[in-house]
Amino acid sequence: MSSFIEKFPGIGLAAGLAIPAWLVGSYFPIVGSPVIGILLGLILSFWKRPAVWHPGVVFTSKKVLQYAIILMGFGLNLFDILHVGGQTLLLMIFTLTAAFLGAYLAGKLLRTEGRTTTLIAVGTAICGGSAIAAAAPVIRAKDEEVAHAISTIFLFNVIAAFLFPFLGHLFGMSNDQFGLWAGTAINDTSSVVAAGYTYSHDAGNLAVIVKLTRTLMIIPVTLALAFIFARKSSGQAGSYRFSKIFPWFVLGFAAASVMTTVFSLPQGLTDALTVTGKYMMVMAMVCIGLNTNFVKLLKNGIRPIFLGLICWIVLAIVSLFVQHWLF
């Protein structure tokens, strides 16, 4: 109880600051509330806040973020995506592999920090900010590294929302072709929705389903990252307890998805839980911004942007190539 009382001021600060970020993000869905939240936090990071807020700010940026990921699982109905997911599984395997391999090689070339490279790869390959949020605590990423990754993914989300429909028409793509492309090659759900429905209603429907299928890849990828980074940090196999580093919140995410599917939870309830999770994620993004050194972020920001650009181009090209080959 005393621990919660200690954290309460900082949690309250995060909840209050998330309100304007949430409202602004609702008016500009392509940008999104999480990005607005982290930008607001970065602006306020220059403010020397009272020490009483520090424990809650740290707690929100770490633990509340994990609880948010769990609640987001209630928005995924497995039956809705199994059909499309089965058809596009091979396409996703190729695109995920290309994104991670491209990020690894580009990261070596650009000499970006390993955790930043991983976060940008995860955000590009899976689902933008949500995947970054899920991977960050697993690989013990610093707030500056999370801020780098989020801002990089945001930049290419905005570009994709406008560029992809233009390229789709230029290439003469069908609704199904564009829906598959947008669903596998655009990072964030909001940008997938914007680009897909700008192209056509049918393309938008397919793009969203494919995107939700990609989101499920958070589970195996996060588990794999937990194992890989644990072995790296331990120095040798068997010298660490896997249960200690296991990302239990990912199982919560999976369990929430299963509950929605098996028990046919009311739409109103799942919507409420998902919205709560999204709001908690905005709270966490605000706190990540508050804990970030803005000057350092700007000084080292160009290399992550180049890394994100390379990953994005590789993902888009491989998605088109494999789609042409398979379909």
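Biologist: What makes Arg115 count as partly exposed rather than buried or exposed?

Modeller: In this predicted model, Arg115 has a relative accessibility of 28%. Buried means under 20% and exposed means over 50%, so Arg115 at 28% counts as partly exposed.

Biologist: And what makes Arg115 and Glu113 a salt bridge?

Modeller: Their side chains meet at 3.9 Å, N to O. The rule asks for a side-chain nitrogen of Lys or Arg within 4 Å of a carboxyl oxygen of Asp or Glu, so the pair qualifies as a salt bridge. Glu113 is partly exposed as well, at 37% relative accessibility.

Biologist: How many salt bridges does that rule give?

Modeller: It gives 2. Lys62 and Asp143 also form one, at 3.6 Å from N to O.

Biologist: Why do you say that Lys62 and Asp143 tie parts together?

Modeller: Lys62 sits in helix 3 (residues 54–72) and Asp143 in helix 7, so the pair links parts that are 81 residues apart in sequence.

Biologist: How do you know whether Asp143 is buried or exposed?

Modeller: Its relative accessible area is 10%, and the cut-off for buried is under 20%, so Asp143 is buried. Lys62, at 34%, falls between the cut-offs and counts as partly exposed.

Biologist: Let's move on to helix packing. How do you know where helix 8 and helix 10 stand relative to each other?

Modeller: Two packed helices are described by the angle and the distance between their axes. For helix 8 (residues 175–185) and helix 10 (residues 201–215), the axes come within 7 Å and cross at roughly 35°. The crossing is right-handed. Among the residues making the contact are Phe178, Leu180 and Ala182 of helix 8, with Leu206, Val210 and Arg214 of helix 10. By class, that contact has 8 nonpolar, 4 polar and 4 charged residues.

Biologist: Which residues touch the most other members of the largest nonpolar core?

Modeller: That core has 71 residues, and the ones touching the most other members are Leu119, Ile126, Val146, Phe164, Phe178, Trp181 and Leu225. Helix 7 (residues 143–170) supplies the largest share of the core, 9 residues. Another core, of 13 residues, lies apart from it and includes Ile11, Ala21, Met283 and Cys287.

Biologist: Back to Ile126: what does it touch, not counting residues up to four places away in sequence?

Modeller: Ile126 touches Leu96, Ala131, Asn187, Lys211, Arg214, Thr215, Met217, Ile218 and Val221. Lys211 and Arg214 also belong to the helix 10 side of the contact with helix 8.

Methods. Residues are numbered from 1 along each chain as its sequence is written. This is a predicted model: local features need pLDDT of at least 70, side-chain atom pairs count only at pLDDT 80 or more; totals for chains, interfaces and linings use all residues. Side-chain values use heavy atoms; hydrogens and water are left out. Axes are lines fitted to C-alpha atoms, for helices over the stretch in contact, and angles run from 0 to 180 degrees between N-to-C directions. Helices (H or I, at least four residues) and strands (E, at least two) are DSSP runs, numbered from the N terminus. A crossing is left-handed if the near helix is turned anticlockwise from the far one by less than a right angle, and right-handed if clockwise. Contact means heavy atoms within 4.5 Å. Ala, Val, Leu, Ile, Met, Phe, Trp, Tyr, Cys and Pro count as nonpolar, Asp, Glu, Lys and Arg as charged, and the others, Gly among them, as polar. A nonpolar core is a set of buried Ala, Val, Leu, Ile, Met, Phe, Trp, Tyr and Cys residues joined through side-chain atoms within 4.5 Å. Buried means under 20% relative accessible area, exposed over 50%, partly exposed in between (1.4 Å probe, protein chains only).
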